[in-house]
There are 2 protein chains.
Amino acid sequence: MKIVVTGGTGFLGQLLIRALLERGRLSRADGTEAGIEQIVSVDQAQPGRLIVDDRVGYVVGDIGAPHFLSHVLAADTDSVFHLAAVVSGAAEADFDLGMRVNLDGTRALLDACRVQKRTPRVVFASSVAVFGGPLPAVVTDETTPTPQSSYGAQKLVGELLVGDYSRKGFVDGRAVRLPTIVVRPGKPNAAASSFASGIIREPLAGETAICPVEPDTAMWLLSPDAAIRNLIHAHELPADAWGSRRALNLPGLTLTVREMIEALRAVGGDAAVERIQWQPDERIRAIVRTWPARFDTRRADALGFVRDADFVEVVRAYARTYAGG
Amino acid sequence: MKIVVTGGTGFLGQLLIRALLERGRLSRADGTEAGIEQIVSVDQAQPGRLIVDDRVGYVVGDIGAPHFLSHVLAADTDSVFHLAAVVSGAAEADFDLGMRVNLDGTRALLDACRVQKRTPRVVFASSVAVFGGPLPAVVTDETTPTPQSSYGAQKLVGELLVGDYSRKGFVDGRAVRLPTIVVRPGKPNAAASSFASGIIREPLAGETAICPVEPDTAMWLLSPDAAIRNLIHAHELPADAWGSRRALNLPGLTLTVREMIEALRAVGGDAAVERIQWQPDERIRAIVRTWPARFDTRRADALGFVRDADFVEVVRAYARTYAGG
């Protein structure tokens, strides 16, 4: 079977492609399993380090450009993982860019799927940023999304399109609202949540990290590994497990920044913690504090989605893989 | 001040323009009142009967066409009432047409508003069709919209855009979810709810009406007059009455088709009722039964929106105005 991963050059995209290659097989929409013959990564740039595997191809381009995706998707594409997005901070700073990539790009992808020979499965990486403003203490499966950022609004529009295109039978779509993914390796990015990885990653690398929010700021977190497992699980569930509700809140862990830093201390010691500098940034605080930090993810739990058992272990796994210890 | 009414040629559009002319004044975004100097109706066709008033102009064109609306909106437009839409049945039958007019048209309108000298107030006519699927017995202000029709999905996307453009300060938007409007004069249209007016209107005109749903089908109804009052009220409320929640469910009345027909009997007698033919239509039933019929509209009530006191009086007012009786 043939798979497309948008945002395939990003950190999660690369992890996902590696996980799919290792797994080797996926379910088709008709319930049968098939071997993975081809994975096409679609992104705005080549990755820094190519995955060397005959099954992987790279296409570079702008998913917000008209007709680009309709040229990219082979007519026999079975599955799409749609991860490409302009991140929260960037979509807030450049409204038109966010609309073009996050909204037009998602719509163009769904339209490209309509002309496929078989109805493709589409896994859409949505975000808990669809929630904002006054919220109940615990967000449940019934809480109405009320985005207070352009990124959140665009992700929610994407969910609605995935839902309606699925209802019409154009795609077999499923949207999962990702918690903040921690620990991301590499460089800080323009996501408002970028600091959440930075305050673990930089100190472990012996570098200074800046924390722009208060220690008691609570966040809803998921490790990269659990995120990848959940994206693949979202794909593998049969359509009737989703029914008419094609979007859900993923499981996660609630931690305050202070608790995250204590996990850093457990892995990297006091020296690591001392590398964190507190520099409040109102722009970032304003976005992050609209995100909910406590969820009851009953529906996702029942469907078999996973959370991390323990945040210290998440930090330890990061240190093992990326920080040489 | 200058006002644009999209869908200004439609029944509600014409009623709204007449009501605005009669009223003569509206609030500006800064809270001051001003006289209405100009109302521009934007629609795909000229109305059958022009409103003869120096203040009213007509522009004919396709709001889904790129750049059309940006040419139409004068740079000093103060307010927009956005009523233009492909109705529910038509948006379901022609997916691309619905997306173009209901989604692209709404976005084009909001983008045209961004370049105005003053931030325009935008009143968006949304619909209770944003609700669908399994719903609580009574829909409240907290019930999550889960559209099960393309029309409903497109209206909800429009609400989200109105919300985010408002948050960004591009417009001062407010979206009201209209109940089914009964009694509409004129011809049946492609709305799945068209029969709800037809079973009153046609019998009062001595003609046969077809009812495609069961007598115990309950609907959430509002008269045209109350709808117009509510659209204008939505405009007149100050921005801080809306806060970060820019969409709400309007008040209405819950009636079964049987109760609607009893109101017809009270006004038109048994002879009128006998002109109704029962012809179940699965396509229409499938759409209508996804719409909720019972609401608790606490927020709208507190903000001063209105409902009809009595459905017999709604039928009587229709008969007086349109059916010569």
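Q: Which residues have the most contacts inside the largest nonpolar core, and what makes such a set a nonpolar core?
A: A:Val315 and B:Val315 have the most contacts inside it, and the core has 201 residues. Keep in mind that this is a predicted model.

Q: Why is A:Pro280 called exposed?
A: A:Pro280 has 11 C-beta neighbours inside 10 Å, so it counts as exposed. You'll find A:Pro280 in the loop between strand E14 (276-278) and helix H10 (282-288) of chain A. Not counting residues up to four places away in sequence, A:Pro280 touches A:Pro212 and A:Arg285. From A:Pro280 to A:Thr144 it's 30 Å, C-alpha to C-alpha, and 136 residues in sequence.

Q: Why is strand E11 (residues 218-222) of chain A said to be largely enclosed by the rest of the structure?
A: A residue is buried if 20 or more other C-beta atoms lie within 10 Å of its own. Four of the five residues of E11(A) are buried, so the strand is largely enclosed.

Q: What makes the pairing mixed in the open sheet of three strands in chain A?
A: Take the order E9-E11-E13. Strand E9 (residues 180-181) runs parallel to E11(A), joined by two bridges, while E11(A) and strand E13 (residues 253-256) pair in the antiparallel sense over four bridges. Two strands pair if there are at least two bridges between them, so both pairs qualify. A:Thr180 has A:Leu221 as its bridge partner in E11(A). On the E13(A) side, A:Ala218 stands opposite A:Thr256, and A:Met219 stands opposite A:Leu255.

Q: What is the strand order of the open sheet of seven strands in chain B, and which strands stand at the edges?
A: The order is E5-E4-E1-E6-E7-E8-E12, with parallel pairing. Strand E5 (56-60) and strand E12 (247-249) stand at the edges because each has a single partner strand. From one strand to the next, the twist averages 20°.

Q: How do you know that strand E8 (residues 172-178) and E12 of chain B pair?
A: Two strands pair if at least two bridges lie between them. E8(B) and E12(B) have three bridges, in the parallel sense, so they pass. B:Arg177 stands opposite B:Asn249 in E12(B).

Q: Which strands of chain B does helix H4 (residues 95-114) lie across?
A: H4(B) lies across strand E1 (2-6), strand E6 (77-82) and strand E7 (121-127), running at about 170° to E6(B).

Q: How many residues of chain B are in contact with chain A?
A: 17 residues of chain B are in contact with 17 residues of chain A. Helix H5 (residues 150-167) of chain B gives the largest share of the chain B side, eight residues. That side divides into five nonpolar, seven polar and five charged residues.

Methods: Residues numbered from 1 in each chain as written. Chains lettered and ligands numbered in written order. Predicted model: local features only at pLDDT ≥ 70, side-chain atom pairs only at ≥ 80, totals over all residues. Axes fitted to C-alpha atoms, helices over the stretch in contact; angles between N-to-C directions. Contact = placed C-beta atoms within 7 Å. Buried ≥ 20, exposed ≤ 12 C-beta atoms within 10 Å, placed from the backbone. Core = buried A, V, L, I, M, F, W, Y, C linked by C-beta atoms within 7 Å. Nonpolar A, V, L, I, M, F, W, Y, C, P; charged D, E, K, R; others polar.
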